[in-house]
Amino acid sequence: MALLMKGNEAIAEAAIQAGCRLFYGYPITPSTEIPEYMAKKMKAVGGTYLQAESEVAAIYMVYGAGAVGERVMTGTSSPGFSLMQEGLSFLFAAEIPCVIVDVMRGGPGLGGLGPTQADYFQLTKGGGHGDYHAIVLAPSSVQEMVDLTKESFDLADCYRNLVIIAVDGILGQMMEPVEFPPFKGRKLEPKDWAASGAEGRPKNNVISYYLTPELGESENIRWGDKMSMMKEAEQRFVEYEMEDADYAFVAFGTSARITETAIDILREEGIKVGLFRPVTLWPFPEKGLTARLDQIKGWMSIELSAGQMIEDLKLVVNGKAPVGFHGRMGGMTPEPEDVVTAFKEQLLGGVQG
Amino acid sequence: MSTARTITKYKFAGFGGQGVLFIGKVLAQAGMLAKQQVTWIPAYGPEMRGGTANCSVIISSKKIGSPTVGKPNVAIVMNEASYLKFIDTVVPGGTLYVNSSLIPELPGRVDIRIVRVPVNEIAHEMGDEKVANIVMLGVMQAMIPAVPDDILEKVLLQLAGKKPALAEQNMRALKAGKEYAMNL
Amino acid sequence: MKPIFTKTKGLTDRPFHYCPGCTHGIIHRLIGELLEEMNLIEKTIGVAPVGCSGFCENYFACDMIGAAHGRAVAVATGAKRARPDRFVFTYQGDGDGASIGLAETISAAARGERITSIFVNNAIYGMTGGQMAPTSLIGQKTSTSPYGRDAETMGFPLDLPKILTQVEGAVYVASVSVDSPQGIKEAKKALRRAFQVQLDGLGYSFVSILSTCPTNWGVNPVEALEWLQTKMKPHFALGELKVPTIEGGDAV
């Protein structure tokens with residue numbers, strides 16, 4: 001039976017159902033329902049919720065728990081996510097699986113509490129130092145938040161990589177009907193690498209440095225190979241009204257929802273438009289987009305930012321068609337009618353990308 | 001309910017403590033039980049304390065695209081600040097329910113229906129001014145039912161949890177609102 | 001032939017990288033001995049810092065996690081909460097524990113985390129080549145206080161163990177020095193008590209150990225010990241500064 005649940009709470013519940021028994025976090029609007037839910041529920045399932053002294057400490061508590069081989073999660077919002085970037089880089093290098101939720105709000109600076117998608121660069125390009133990527137999942141409904149959260153722990157364990165669930169403040173705060181169907185997970189290897197106490201086996205070190213540049217390069221090459229593997233296997237997207245589309249929007253999260261309504265309006269006017277919605281922001285679903293390149297006469301990125309994902313879109317489109325953009329910032333969201341207007345001005349008027 | 005595609009967008013606004021988020025939740029929950037698609041979004045953050053609190057609800061017979069409500073079909077405003085903030089956003093042909101206990105006669109619009117109800121007084125006469133929000137929900141339900149009556153009542157009872165006195169008070173408030181609307 | 005002395009099983013066979021006269025080696029040995037004597041090697045998770053001792057995961061025979069600079073205590077917290085059945089310690093320098101990781105240290109102490117921190121204070125940043133530490137003394141010349149530490153502009157050395165005595169969740173706080181055979185014995189005693197406090201689940205335990213850095217102090221090992229004894233010791237509170245208040249006072 002469906003429950004009416006807030007996105008943040010749905011993520012927390014899904015994590016518990018996925019076997020996560022450790023949550024370390026620091027409260028920040030608009031993600032606070034995640035730690036609140038965990039604080040309430042972890043006790044009942046024999047897990048641990050711990051309020052860290054900062055997001056910096058929280059991400060390293062995650063590092064510690066992940067390093068001993070347990071499923072662990074933290075949740076935060078943009079300024080807190082910024083504070084965690086060093087930790088993300090360390091988590092990647094030490095190959096510690098974990099799940100991080102970023103409920104994006106306004107920036108830069110302290111910004112505002114309203115919804116944005118302006119952490120896209122930080123999420124997908126590696127906000128910390130070094131060559132690394134997290135797997136970044138971008139649900140666009142509360143149900144998808146549940147489904148992807150459950151899967152995120154498997155992805156993290158499978159690749160020994162950090163996984164980020166990226167939503168905007170609206171999705172975090174929104175209530176929608178949601179179900180928790182049984183989840184059939186992946187077959188996973190035992191975590192024989194974990195530093196969990198060397199009982200009956202040689203000792204393990206979980207570390208993130210190398211002493212020589214030669215080793216540094218070979219480690220980076222190995223990580224690069226792992227990232228190529230993830231890029232090959234994990235690209236995901238959902239299409240809406242794309243079969244006969246002449247033009248296509250690209251949008252994720254709440255802006256994808258708004259865009260769907262804009263598409264309904266345009267379709268009623270007889271304009272054939274569709275939506276290509278990345279579900280993985282990293283790896284960016286290039287393969288799915290590439291398959292539509294010959295069909296689509298013009299693309300348009302709709303974002304709650306000044307235009308960040310559009311850079312990845314342009315790399316794939318590579319000049320083959322114009323690429324337009326419409327975005328709102330600082331916590332504002334476009335109305336579907338605004339998207340319609342911007343589309344007509346930029347793409348039906350013939351703007352070049 | 002009609003079998004054609006129907007989508008209704010609601011905005012509930014007032015100041016903190018007037019229970020506007022709660023009646024939004026009641027409606028969303030009832031919509032879900034009535035096998036409709038629903039979304040509920042609060043305006044969150046410091047705005048919730050002090051100024052206006054509001055939430056957006058959509059009830060639709062089909063999958064909901066945009067969950068934001070910039071232009072509601074129906075709005076309930078419980079205080080003056082909310083009236084001023086939202087009167088111009090209601091779509092032409094829509095309905096604005098106004099808490100006339102707290103909102104004076106202000107410049108209105110001719111292209112929407114404005115329903116003024118002294119919900120605080122009605123609730124006060126019932127002995128509990130806190131249920132003014134439910135009174136307004138009753139008015140709205142009587143004028144244009146959003147969901148079947150029995151489902152709405154069931155949800156109200158459910159949300160009262162283990163507090164029978166509260167449940168009873170809520171039911172009386174809903175009824176009072178409906179009766180007021182009959183005489184409009 | 002009967003061996004009369006063997007290396008502890010608590011340490012691996014990896015040769016230390018530390019400079020001649022540096023006391024990290026002594027402290028490592030004490031910890032290794034205790035891990036062995038207290039039968040902890042297989043149930044220990046150690047956390048290494050960033051600093052001169054940042055490679056200590058290669059030396060301790062237990063499982064180890066390498067933390068970022070200043071985050072060892074947060075990492076240890078995460079590990080201990082995940083595996084409360086394990087013995088968890090951090091090994092940190094003065095910069096790691098008292099400067100960049102000060103918030104983590106105090107907060108873990110306040111929560112009474114069941115972990116043990118070993119804080120090695122040599123009043124200088126060793127690994128980066130002799131810069132000023134939070135514990136550098138007034139007048140001490142370092143590469144970033146070339147005219148000597150001046151209280152007016154650089155502030156005062158921080159006596160972290162003394163501060164921790166004021167934090168309720170820190171139940172055992174000791175400050176020792178490994179500058180003499182007697183001092184080394186006392187250091188081992190303090191470490192043993194700190195370990196036992198964790199095993200008994202009493203709260204956070206912290207042992208500060210005054211240590212030398214002949215290389216960056218610019219002196220030979222013998223002079224370094226003298227400098228520690230005559231200059232450092234007077235500036236830092238020494239002894240068992242706080243013991244668990246259970247029956248029998250300091251009986252752990």
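Mentor: Let's start with one spot: in β5(A), the residue opposite Gly75(A) is Val101(A). This is a predicted model, where local features need pLDDT of at least 70, side-chain atom pairs count only at pLDDT 80 or more, and totals for chains, interfaces and linings use all residues. Residues are numbered from 1 along each chain as its sequence is written, chains are lettered from A and ligands numbered from 1 in the order in which they are written, and side-chain values use heavy atoms, leaving out hydrogens and water.

Trainee: What joins strand β4 (residues 72-76) of chain A to β5(A)?

Mentor: There are 4 bridges between them, and the two run parallel. Strands pair if DSSP finds at least two bridges between them, and strands themselves are DSSP runs (E, at least two residues; helices are H or I, at least four), numbered from the N terminus. Strand β7 (residues 162-168) of chain A is also parallel to β5(A), joined by 7 bridges; there, Val103(A) stands opposite Val167(A).

Trainee: Why is β5(A) called largely enclosed?

Mentor: Because 7 of the 7 residues of this strand, residues 98-104 of chain A, are buried (under 20% relative accessible area; exposed is over 50%, partly exposed in between; 1.4 Å probe, protein chains only). One side holds Cys98(A), Ile100(A), Asp102(A) and Met104(A), the other Val99(A), Val101(A) and Val103(A).
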